[in-house]
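Please look at the sequence and the structure first.

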Amino acid sequence: CHAPEASSVFVAGTFNGWDPKQFPLERKEEGHWEASLDMKAGHYEYKFVVDSEWVCMPGCGEEGPCPDCTWNEHGTFNRVLEVAGLEV
């Protein structure tokens, strides 16, 4: 997540019951935030919580639909993540 002005960023989604405080991201260089999560293979939808504001990506959607996002039941967007299983 790129949010250079943010003081806190979390990620919430179908993988954690949309809990906005469970997974804090760590501030990295140049305003980037990241976290590493262990996830099973599957389809997930998620959003970032940037300074308590739910967004699919800061600045995304200001000029039209967000790439890599899908509409949700609230009339906003969720980001989509497909986690592949390990091939044997």
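The sections below cover the basis of the model, its core, its strand pairing and its pocket.

## Basis of the model

This is a predicted model, in which local features need pLDDT of at least 70 and side-chain atom pairs count only at pLDDT 80 or more, while totals for chains, interfaces and linings use all residues. Residues are numbered from 1 along each chain as its sequence is written, and side-chain values use heavy atoms, with hydrogens and water left out.

## The nonpolar core

The largest nonpolar core has 11 residues, among them Cys-1, Val-9, Trp-33, Tyr-46 and Phe-48. Such a core is a set of buried Ala, Val, Leu, Ile, Met, Phe, Trp, Tyr and Cys residues joined through side-chain atoms within 4.5 Å, where buried means under 20% relative accessible area with a 1.4 Å probe and protein chains only. Two or more residues come from each of strand E1 (9-13) and strand E5 (42-50), and E5 gives the most, with 3 residues. Strands are DSSP runs of at least two residues, numbered from the N terminus.

Val-9 touches, not counting residues up to four places away in sequence, several residues including Cys-1, Ala-3, Leu-25, Trp-33 and Phe-48, a contact being heavy atoms within 4.5 Å.

## Strand E5 and its partners

E5 is mostly covered, since 7 of its 9 residues are buried. Strands are taken to pair if DSSP finds at least two bridges between them. E5 runs antiparallel to E1, to which 5 bridges join it, and here Ala-12 stands opposite Lys-47. Another 5 bridges join E5 to strand E8 (residues 77-83), again antiparallel, with Leu-81 in E8 as the bridge partner of Tyr-44.

Strand E6 (residues 53-55) is joined to E5 by 3 bridges and also runs antiparallel to it, and Trp-54 in E6 is the bridge partner of Val-49. The hairpin of E5 and E6 has 2 residues between the strands, and in it Asp-51 takes a positive phi near 50°.

## The largest pocket

About 180 Å³ of space lies in the largest pocket, a pocket being an open set of points on a 1 Å grid over the protein atoms alone, where a 1.4 Å probe fits, with protein on both sides within 12 Å along at least five of seven lines. Residues lining the pocket, which have an atom within 4 Å of a point, include Phe-15, Glu-34, Met-39, Phe-48 and Leu-81. Strand E4 (33-34) and E5 each give two or more residues to this lining.

Methods:
Buried < 20%, exposed > 50% of the residue type's maximum accessible area, 1.4 Å probe, protein only. Helix = DSSP H or I, 4+ residues; strand = E, 2+ residues; numbered from the N terminus. Points joined across faces, edges and corners; volume = space filled by probe spheres on them.
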